[in-house]
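Hi,

Here is the structure I promised to pass on. Have a look at it first, and my notes on the ligand site follow below.

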Amino acid sequence: TRSTRPQRMLKAVQKNATKGNPQSVISAIDYFCKNSEWAMNVGDEKGSILDSVVTEVNPSTVLELGTYCGYSTVRIARLLSPGTKLITLEFNPAYAAVARQIIAYAGLQDKVTLVEGSSGEWIPQIKERFGITTFDFIFLDHWKDQYLPDIKLFEECGLLRKGSVLLADNVICPGAPDYLEYVRNSPRYESRYYPAHLEYTKLEDGLEKSVFLG
Ligand SMILES: Cc1ncnc2c1ncn2[C@@H]1O[C@H](/C=C/CNC(=O)c2cc(-c3ccc(F)cc3)cc(O)c2O)[C@@H](O)[C@H]1O
Ligand SMILES: [Mg+2]
């Protein structure tokens, strides 16, 4: 049967990137998406903003919602301090399988815990299963209608502390209007929009950074 787009993306990484070199994996995926097939990775423009926020926060505890093929997982993991691991949640086993291979090709498997399952099911278990009290940094890039229920779940589960940073992709395209309204109007968050473009296109999109105020 015909291969899937994530499988073709993995082949492009294995062909064009250097094993153990995260930057070459990032570049190979961006090249594939610009020249062969568009895919919903955060991309190079928004990815640079992601990099700058991760570097600024220098987090000890990190969560990503929506691994997909692992592009942003690699972008984040390559910037973490030695000994720091990130947890990434992905409920599609086929995507998770590709992501594991892309993360391993980048040599970052020891910095990543990929959990196969849904955020709604796993967020309430994180404290006990991973011994984490709160997250310093959370990247939201899963189904856009899940952003709002999941941020409320973080609050209910006590997973945020004063200063926790949440960064959400696609707040314009495809859009997460209910999430935006919540973080921009809640007195418990300080929010800022980073304008950019939808990955690999000229369409408007951007990232919303929200700091939990406690
Ligand atoms: C509750 C739960 N738990 C665990 N994993 C979960 C989960 N909900 C979804 N996932 C996983 O995360 C990824 C899903 C990502 C959804 N992202 C987008 O839909 C997206 C779309 C575009 C886009 C923009 C313009 C267009 F014309 C077409 C598409 C751009 C993007 O950047 C996107 O992120 C995918 O791997 C899915 O299995
Ligand atoms: Mg996205």
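Let me start with Lys144, which is found in the loop between β4 (137-140) and α8 (147-156); helices (H or I, at least four residues) and strands (E, at least two) are DSSP runs, numbered from the N terminus. Lys144 is buried, at 17% relative accessible area (buried means under 20%, with a 1.4 Å probe and protein chains only). Its side chain reaches the backbone oxygen of His142 at 2.9 Å.

A word on conventions: this is a predicted model, where local features need pLDDT of at least 70, side-chain atom pairs count only at pLDDT 80 or more, and totals for chains, interfaces and linings use all residues. Residues are numbered from 1 along each chain as written, chains are lettered from A and ligands numbered from 1 in the order written, and side-chain values use heavy atoms, without hydrogens and water.

Now the ligand. Lys144 is also among the residues that come nearest to ligand 1, along with Glu90, Asp141, Asn170 and Glu199, out of 22 around it (a heavy atom within 4 Å). By class, that shell has 10 nonpolar, seven polar and five charged residues. β2 (86-90) and α9 (171-175) each supply at least two of the shell residues.

As for N/O pairs within 3.5 Å, an oxygen atom of ligand 1 is 2.5 Å from a side-chain N or O atom of Glu199, and a polar side-chain atom of Asn170 lies 2.6 Å from a ligand 1 oxygen. Phe91 uses a backbone N or O atom, 3.3 Å from a nitrogen of ligand 1.

Cheers

Technical notes. A polar contact is a pair of N or O atoms within 3.5 Å; within protein, one must be able to donate a hydrogen and the other to accept it, and residues adjacent in sequence count only if both atoms are side-chain atoms. Ala, Val, Leu, Ile, Met, Phe, Trp, Tyr, Cys and Pro count as nonpolar, Asp, Glu, Lys and Arg as charged, and the others, Gly among them, as polar. Buried means under 20% relative accessible area, exposed over 50%, partly exposed in between (1.4 Å probe, protein chains only).
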